[in-house]
Amino acid sequence: MVLIIKSSLKGFATMYERLKIDTLRGLACVLLIAYHVIGFNAETGLKLSEGALRNINDTLVFIRMPLFTFLSGLVYAFWPFSSGGTSFIYKKVRRLLFPMLSVGTIFALLQALTPGANSNEIDWLTLHIKPVAHYWFIESLFIVFIFVLLCEKLKIFDRFDKFICVFIFSIVLYISPVNSDYFSFSGFIYLLPYFLFGMSLVRFNFSVNISPVLGLGLLFFLIFIITLIFKGIVPYFEQRSLSSFILGCLGCLILLVVGIRFKPLAWIGSYSYSIYLFHVFFTAGTRIFLHKLNIYDVEIIFSIALATGLLLPILTEKILERNYFTNLVLLGKGNKKRPVDHS
């Protein structure tokens, strides 16, 4: 493996072509939806307390959200902030906070009113002050962008030595006991170093040149490490430990340099934001519907819910974008042209 500092983004950008990034986004979507179908504990989703699906789901915590965030940093670095702080903030409010508030509130209402939902206890006084379900990611990512904007304004990212100081600070904060549910600040702490890691690869023109054979070897190495954790041979790391951060970064980097390009997965990845926003409506709805039909087979429910969670949000976006109001409020898009998506 040879680490090369490139003098121009042009050659580097070809390495991170859209198909590759969208393929990884698609993979992240599959992992995320599988996570929510199975459930984050034995009381949610399929309510599994043990078994292969339960163990795989728990093990992949080191890849799922780090990969989403890493790719957000990577894409941001191709179209970074240059000027117009107010415009930058407005675009992030529109793209991130509008859908979080609207779709997140609809989700909270349905969860409270729907029989068979995983939870019907909603604290309406702190709704969105404390994040709603998985929409914490959107709120946290918004804070990440505000932090990045401040760093850009102070020109901290103009020099590698200054960037390293901020990056180390983010890692220290990541492994610290600092936590706060309010405005998903804990999520911001969790996401920030992965975002900065992805951003730095483009911002400072790092590239890793590897042969296809070595790439395949690295992919098998990553699978091997995940298998060791799955089997309990390597101890399960705490989510905000230095070990989990290193594993998350290593996993993201390996997946990137291996350069998987798979058009069906890339197509899914190109709709990753809508999938993130809407998939829970369809995964939970599928599970409840199948239970009404007296279908309780775990494999059947998992397969169908995974498919509906991937495909129906794409259909939802295509319907919502036809109307200016729904396109703006529910999708965060100001016009019918799909924006560059850092999320």
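1. Let's start with the salt bridges: there are 8 of them, where a salt bridge means a side-chain nitrogen of Lys or Arg within 4 Å of a carboxyl oxygen of Asp or Glu. Please keep in mind that this is a predicted model, in which local features need pLDDT of at least 70 and side-chain atom pairs count only at pLDDT 80 or more, while totals for chains, interfaces and linings use all residues. Residues are numbered from 1 along each chain as its sequence is written, and side-chain values use heavy atoms, with hydrogens and water left out.

2. One of these bridges joins the side chains of Asp22 and Arg25, at 3.8 Å from N to O. Both residues sit in helix H2 (residues 18-38), 3 residues apart, or about one turn of the helix. Helices here are DSSP runs of H or I with at least four residues, strands are runs of E with at least two, and both are numbered from the N terminus. Asp22 is buried at 5% relative accessibility, and Arg25 is also buried at 5%. For these words, buried means under 20% relative accessible area, exposed means over 50%, and partly exposed lies in between (1.4 Å probe, protein chains only).

3. Now find Arg54 and Asp58, whose side chains meet in a salt bridge of 3.2 Å, N to O. They are 4 residues apart in helix H3 (residues 52-59), so about one helical turn separates them.

4. Another bridge to look up is the one between Glu321 and Lys333, with the closest N and O atoms 3.0 Å apart. Glu321 lies in the loop between helix H13 (298-320) and helix H14 (324-329), and Lys333 lies in the segment after H14, so this pair ties together parts that are 12 residues apart in sequence. Both Glu321 and Lys333 are buried. Salt bridges can also share partners: Arg18, Asp22 and Arg25 are joined into one network in this way.

5. Ser272 belongs to helix H12 (residues 272-292) and is buried, with a relative accessible area of 4%. Setting aside neighbours within four places in sequence, Ser272 is in contact with Arg25, Cys29 and Phe68, contact meaning heavy atoms within 4.5 Å.

6. Stepping back to the whole protein chain, you can trace 14 helices and 2 strands. Of its 343 residues, 51% count as buried. Among contacts with a separation of 6 or more, 79% are between residues 24 or more positions apart. The accessible surface of the chain comes to about 16,300 Å², and 68% of that belongs to carbon and sulfur atoms. These areas come from the Shrake-Rupley method with a 1.4 Å probe, and for residues only the protein chains shown count as cover.

7. The largest nonpolar core has 94 residues, and Tyr135 and Phe157 have the most contacts inside it. Helix H8 (residues 185-203) gives the largest share of this core, 12 residues. A nonpolar core is a set of buried Ala, Val, Leu, Ile, Met, Phe, Trp, Tyr and Cys residues joined through side-chain atoms within 4.5 Å. Beyond its neighbours within four places in sequence, Phe157 has contacts that include Cys151, Phe163, Leu196 and Met199.

8. Trp124 is in the loop between helix H5 (85-113) and helix H6 (136-153), and it is partly exposed at 42%.

9. How many disulfides does the structure hold? There are 0, taking a disulfide as a pair of cysteine sulfur atoms within 2.5 Å. The cysteines include Cys151, which is buried at 5% relative accessibility, and Cys165, which is exposed at 53%.

10. Finally, a backbone detail. Most residues other than glycine have a negative phi. Ala133, in the loop between H5 and H6, has a positive phi near 45° and is partly exposed at 41%. Ser184 also has a positive phi, about 55°; this residue lies in the loop between helix H7 (160-175) and H8 and is buried at 4%.
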